Protein chains: 2
Amino acid sequence: MDVDQVPAKPTDAEAGRPTLKTIAFMTGLGVTTVSRALKDAPEIGLETRKRVQLVAQQVGYRPNRAGVRLRTGKTNVISLVLDTQEQVGSFVSDIVYGVSEHIAQTPYHLIITPYARDKDPMEPVRYVVETGSADGIIISRTVPNDPRVRYLAERGFPFATHGRTQQNAHHPFHDFDNSAFARLAVRRLAEIGRKRLALLAPAASLTYSQHTRDGFAEALAEAGLAEAPFSGVTADTSLDEIRAATIELMRREKRPDGIVSSSGGASFALVAGLEAAGFSLGQDIDIVSKQSFGLLPLFRRHIHVVNEDFRLAGRELARAVLGAIDSAPLESLQSLVVPSDVVSPQR
Amino acid sequence: MDVDQVPAKPTDAEAGRPTLKTIAFMTGLGVTTVSRALKDAPEIGLETRKRVQLVAQQVGYRPNRAGVRLRTGKTNVISLVLDTQEQVGSFVSDIVYGVSEHIAQTPYHLIITPYARDKDPMEPVRYVVETGSADGIIISRTVPNDPRVRYLAERGFPFATHGRTQQNAHHPFHDFDNSAFARLAVRRLAEIGRKRLALLAPAASLTYSQHTRDGFAEALAEAGLAEAPFSGVTADTSLDEIRAATIELMRREKRPDGIVSSSGGASFALVAGLEAAGFSLGQDIDIVSKQSFGLLPLFRRHIHVVNEDFRLAGRELARAVLGAIDSAPLESLQSLVVPSDVVSPQR
DNA sequence: TTCGACATCTGTAACGTTTCAAATTCGCTT
DNA sequence: AAGCGAATTTGAAACGTTACAGATGTCGAA
C-alpha cells in the first residue's frame with residue numbers, strides 16, 4: 001500500500017514564476033512600490049515606474065490571479081450561462097468564439113456555466129453571484145419579465161443579455177431585430193405572390209418570439225395576407241415533431257403557400273415535412289428562414305434566407321458586460337442588429 | 001469632475017458569505033479544526049466533524065476559490081483549448097456541453113481558451129501552463145507528433161487529447177475510430193455496387209486524417225475497388241471551394257461513383273457540387289458521410305451516414321483530464337468509440 | 001540652521017485557505 | 001503520584017496581492 005506521494009504544486013516562486021517580491025528584489029524596491037509602479041501610480045517617480053515596468057516585462061511578470069482575487073475580489077472572469085439542451089446546429093459555438101475573440105485582448109477569462117433548460121434557470125445565475133465566481137454574466141434565452149434580470153439588477157451585478165426584456169431600458173443587451181426579420185420575410189413572400197403564410201416562431205415564452213410574431217402579424221396585415229396557424233411547434237421542438245407537424249399543416253384545406261422560419265435547423269425539418277406531404281419548395285410553397293450557418297441554400301436552392309451573425313453577437317455581448325463592469329454609459333452597451341435584406345435564390 | 005466612487009467589492013465576510021472563520025466562531029472551534037473537519041480528517045473527533053459539517057451545510061459554506069488556489073495552487077479549473085476558426089456546424093457546442101455535463105458534479109469550472117488555427121497552437125497551452133491557470137487541459141486537432149503533447153508531458157501537466165498521437169501509449173485521450181468509419185463506408189459503397197471511390201479526408205496534418213486514409217485504402221484494396229483521387233480539398237476547406245472542387249472532380253473521365261466524407265458540413269458542399277455538375281445522388285453516385293447533427297438525411301434522402309457523438313466525446317474527455325489530474329491509471333483514461341454501422345436510406 | 005511641505009517610497013495587515021509544529025486534555029501504566 | 005502516549009485541538013505562518021498609514025529624504029523659506 002503506497003502513500004499518496006503527490007508532489008505538491010509548486011508556488012509561483014518555486015516554479016520560477018516571478019512575483020512582486022521577485023521584482024522588488026531585483027529592483028531593490030519594496031513590494032508596495034513595485035505594485036504601484038506597475039499600475040503607473042503617479043506617486044511613484046517616473047523613472048522608477050519605467051524601471052520597474054521594464055524589469056517586469058523582461059522577466060515576464062504576470063499578476064497571480066488568485067492573489068489579486070483574494071485581495072480585491074476581482075475575478076477577471078466572465079461567465080457565459082448556457083442552456084445545454086440547445087437544438088441542433090445551435091449558435092453556441094459562434095457566440096463562444098465571439099466572446100472569446102473580444103475578451104482575448106483583456107485580462108478576462110471566459111467560463112461556461114451550464115444549466116438545463118427544464119431545470120431552474122435561476123440556478124446558475126445565483127451560483128455565480130453567490131459565490132462571486134465572476135465579475136460579469138452573459139445570459140441568453142431572455143423572457144420579457146426575466147427573473148434573472150431582476151435578480152442581477154437588484155444586486156447591481158454586471159450583466160448583459162442576449163435578447164431584450166421589459167426592463168430593457170435599464171440593462172445592457174444585444175439583440176437581433178426579429179420583428180424586422182419577420183417583416184422582411186413576409187414582404188418577400190408577398191412580393192413573389194404568396195397569399196397565406198405560416199410562422200414557425202421561437203419558443204413562445206422567449207422575448208424574441210413575441211417580437212417575431214408581432215413583426216409577422218404587422219407585415220401580414222400591411223400586405224393583406226392570410227395566416228395559416230402553425231401551432232404546437234416552435235423552433236425548440238424536435239426535428240421529428242416539426243416534420244410531422246408540417247405534414248399535418250400541409251394537408252389542411254387552408255394550407256400555407258409560404259412559411260417564415262425562425263430557425264435554420266428547424267427549416268430542414270420543415271422542408272422535409274412539406275416534401276413528404278407531396279409539395280415542392282419554390283413551386284407550391286416558399287420558405288424564408290433565418291440561418292446562422294450558410295447551409296440552407298445548399299440544402300435547397302429555392303430557400304430564401306436572412307443571415308444572423310452569432311459571432312458578432314458574442315463580440316457585442318462581451319463588449320457589453322465588460323462595459324457594465326466598469327460602468328460605461330448604458331447607451332453604449334445596447335445594440336440591435338437590424339437585418340436589411342432577404343437573400344433569395346437566383347431566378 | 002467626479003472621483004471614482006467605486007463601491008469596492010465586499011469581502012466574503014462583508015457580503016455575508018460564511019468563511020472558515022465564521023464557522024469557527026459559530027462552533028467555538030479553531031479555524032484549523034474547522035478546515036480539517038470539513039475534509040473529514042481522521043484526527044478530528046468524529047462528533048466534532050459531524051457538528052462542523054452540519055453547521056457548514058446549514059450556513060451554506062462554500063470554500064473561497066481564491067483562498068484555496070492561493071494557498072494550494074489548485075485552481076479547480078479545466079481549460080478547453082479551442083480553435084476559433086472551426087468550420088460551419090462544428091462540433092464545438094456539443095463538446096462543450098459534454099464537458100460541462102461531466103464537470104457539473106465536481107468542483108471544477110470550465111474555461112475556454114481560444115486560439116487561431118493559423119497562429120501558434122502552442123500559445124494557448126503555454127499560457128495555461130505558465131500562468132498555472134488550470135489544473136488540466138483538453139486539446140483537440142491533434143497531429144501525430146504533437147508538440148503540445150510533448151510540452152505537456154514533459155512538464156507532467158495533466159491533459160487529455162481529442163484524437164490520438166504517436167505518443168498515444170503515454171497519455172489520456174478520447175477518439176473516434178475513423179479508420180473503422182472509413183472501412184465501414186467503403187464496404188457499404190461496395191455492397192451497393194460502387195466501383196470507384198473518392199475520399200474527402202480531414203486536414204492532412206491531423207492524426208485522424210491518416211487514420212481515415214488508412215482505413216479507406218485498406219477497405220478499398222480488400223473490396224478491389226479503385227480510388228478517384230480527390231486532392232487539394234479537406235474537411236477544413238471552405239464550402240465554396242469544396243463545391244467547386246467537386247464539380248471539377250465529377251467532370252473528370254475517371255469520376256467516382258462513391259464518396260466517403262469525413263465531415264457532415266462538407267457533405268452539403270459535396271452534394272451541391274455533384275448536382276451542379278449534373279449528377280444525381282443515389283443514382284449516379286452515393287455518399288457515406290460522418291455527421292454529428294441529424295441533418296444530412298433530411299438534406300438528401302439518399303445519403304448514407306455514420307453518427308459521431310461529440311457530447312459523448314466531451315464527457316469522456318472531461319473524465320480523462322480529471323482522471324489525469326488525480327493520477328488514475330492510464331488505461332482507464334483512454335477511450336475509443338468504434339462505429340458499428342452505416343445508416344442507409346430506406347429502399 | 002531649522003522647519004515644513006512635498007515627493008517618494010515602504011512596512012504591516014488583511015483577503016481565506018492549508019500546513020506545520022506545538023499545545024492541551026485525558027486515560028493509563030508504573 | 002507521576003509520567004507517558006494517544007487523541008484532539010490549536011496558533012502562526014505562508015501563498016501573492018493591495019490599501020493604509022507612515023517613514024524617509026529633499027528643498028526652499030524663514
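Let's start with a word we'll need: a residue is called buried under 20% relative accessible area, exposed over 50%, and partly exposed in between, using a 1.4 Å probe and protein chains only. This is a predicted model, where local features need pLDDT of at least 70, side-chain atom pairs count only at pLDDT 80 or more, and totals for chains, interfaces and linings use all residues. Residues are numbered from 1 along each chain as its sequence is written, chains are lettered from A and ligands numbered from 1 in the order in which they are written, and side-chain values use heavy atoms, leaving out hydrogens and water.

So, is His171(A) buried or exposed? His171(A) is buried, at a relative accessible area of 2%. You'll find His171(A) in the loop between strands S4 (159-162) and S5 (173-176) of chain A; strands are DSSP runs of E, at least two residues, and helices are runs of H or I, at least four, numbered from the N terminus. Leaving aside residues up to four places away in sequence, His171(A) touches Val149(A), Phe159(A), Thr161(A), Thr165(A), Leu330(A) and Gln334(A), where contact means heavy atoms within 4.5 Å.

Now, some helices. In chain A, H1 (residues 20-27) packs on H2 (residues 31-38) at about 105 degrees, their axes 8 Å apart. Axes are lines fitted to C-alpha atoms, for helices over the stretch in contact, and angles run from 0 to 180 degrees between N-to-C directions. H1(A) and H2(A) are therefore roughly perpendicular, the word for 65 to 115 degrees; under 35 is roughly parallel, over 145 roughly antiparallel, and the rest oblique.

Finally, H5 (residues 92-103) of chain A meets H5 (residues 92-103) of chain B at about 85 degrees, with axes 7 Å apart.
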